[in-house]
Amino acid sequence: MTVQVEIDPPKFMTIAIPPEVEQYAPEIRRFVEAMVYKLGVHSGKGKWENQSIESRVPKLEGEVKELVEAIGRGNMVEVLLEAADVANYALIIAAKVME
């Protein structure tokens with residue numbers, strides 16, 4: 001199974017979902033879309049290429065704290081968006097390590 005994720009401006013990314021996790025395809029799609037949405041929301045903050053790993057780790061920790069707080073409030077949309085922020089900072093750190 002493949003899931004297509006729309007990115008604005010319209011570009012598409014195809015992700016292969018192996019059979020053993022195919023049941024989670026809707027959740028994976030929703031989460032990736034939330035990540036892309038939050039990257040767009042924060043796009044005015046500059047490119048991550050100009051940031052050090054050391055400066056991103058505290059940001060990741062701050063996002064984890066915000067996620068825990070959102071879980072405590074029980075708002076599923078807020079939890080999804082905060083989880084996407086956590087994933088985006090993890091993505092940024094991983095991208096910096098692979099440079």
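Start by selecting α3 along with α1 (25-41) and α2 (53-73): both of the latter are among what covers the buried residues of α3. Helices here are DSSP runs (H or I, at least four residues), numbered from the N terminus, and buried means under 20% relative accessible area with a 1.4 Å probe, protein chains only. You're looking at a predicted model, where local features need pLDDT of at least 70, side-chain atom pairs count only at pLDDT 80 or more, and totals for chains, interfaces and linings use all residues. Residues are numbered from 1 along each chain as its sequence is written, and side-chain values use heavy atoms, leaving out hydrogens and water.

Next, color the buried residues of α3: E82, A83, A84, D85, V86, A87, N88, Y89, I92, I93 and K96.

Now click on K96, which sits in helix α3. K96 counts as buried because its relative accessibility is 12%. Show W48, E49, Q51 and I53 too: K96 is in contact with them, leaving aside its neighbours within four places in sequence (contact means heavy atoms within 4.5 Å).

Then turn to the α2 and α3 pair. Their axes, lines fitted to C-alpha atoms over the stretch in contact, come within 8 Å and cross at roughly 165 degrees, with angles running from 0 to 180 degrees between N-to-C directions. The two helices are therefore roughly antiparallel, a label for angles over 145 degrees. Among the residues making the contact are I53, L60 and L67 of α2 and E82, Y89 and K96 of α3.

How values were computed:
Buried means under 20% relative accessible area, exposed over 50%, partly exposed in between (1.4 Å probe, protein chains only). Angles under 35 degrees count as roughly parallel, over 145 as roughly antiparallel, 65 to 115 as roughly perpendicular and the rest as oblique.
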